[in-house]
Amino acid sequence: MGKPRSEIQVHNESIKARQVLLEDVLANIQKYISNEVVTAALKNQGALASLSYKFDLSGKHYTIDSTSLNTLKKKSDELLGHHGFAGLERLRGVAKEAIAAYAGSDNKPTKKTKHGLEQIN
C-alpha cells in the first residue's frame, strides 16, 4: 500500500536536511567540532543514513530521521538534483576531512594568513 503522503514529505525533507547540515558543517566547522552526534555521522555512509538529528538554521527548523542506506541513495538521486547521492557523499567526505584537519591543527596561528600574523605579533 505505501506510506501516506505527509509521511513521504517528512521523509523527503529529512533527506534534503542532510545536505543542508553538511553544507553548514563546512561553513561553520567550529560550531560542529565538539558535536559528537554530527561528527559520528560523518564517519561513513551508513552512519549518515542512520543519523537522527534536529537543528535550527537561519530561523528554519530541520529534522533528520534515520533511514536505510539504500533509501538514502535512491531518494538523494531523486531529490538532490543532478549531483544526487554522489554529491551528498562528496559533502560528507569533505566535511569529515575538514573537521579532522581543524581538530588536528590545534588552532595555532600561522604566518600564512594576515589574521595569523596579527595573532603571533
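**The core and its surroundings**

The secondary structure of the chain comes to seven helices and two strands, where helices (H or I, at least four residues) and strands (E, at least two) are DSSP runs numbered from the N terminus. This is a predicted model, in which local features need pLDDT of at least 70 and side-chain atom pairs count only at pLDDT 80 or more, while totals for chains, interfaces and linings use all residues. Residues are numbered from 1 along each chain as its sequence is written, and side-chain values use heavy atoms, with hydrogens and water left out.

Read from the N terminus, the order of elements is α-α-α-α-β-β-α-α-α. Of the 121 residues in the chain, 33% are buried, a word that stands for under 20% relative accessible area, with exposed meaning over 50% and partly exposed lying in between (1.4 Å probe, protein chains only). Among contacts (heavy atoms within 4.5 Å) between residues at least 6 apart in sequence, 55% join residues at least 24 apart.

As a general background, nonpolar side chains tend to be buried together in soluble globular proteins.

Y53 is buried, with a relative accessible area of 15%, and, not counting residues up to four places away in sequence, Y53 touches L21, Y32, N35, V37, V38, Y62, T63 and I64. The structure holds two aromatic pairs, for which rings of Phe, Tyr and Trp (its six-membered ring) must have their centres within 6.5 Å, planes under 30 degrees apart counting as stacked, over 60 as edge-to-face and the rest as tilted. The rings of Y53 and F55 are stacked because their planes stand at 25 degrees, with the centres 5.8 Å apart. F55 and Y62 form a stacked pair as well, at 5.0 Å centre to centre and 15 degrees between the planes. F55 is buried at 7% relative accessible area, Y62 is buried at 16%, and ring pairs link Y53, F55 and Y62 into a cluster.

The buried residues of α6 include F85, L88, L91, R92, A95, A98 and I99. R92 counts as buried at 8% relative accessibility, and its side chain is joined to that of E89 by a polar contact of 2.6 Å, meaning a pair of N or O atoms within 3.5 Å, where within protein one must be able to donate a hydrogen and the other to accept it, and residues adjacent in sequence count only if both atoms are side-chain atoms. Leaving aside neighbours within four places in sequence, R92 is in contact with L22, A41, L42, K43, N44, Q45 and L48.
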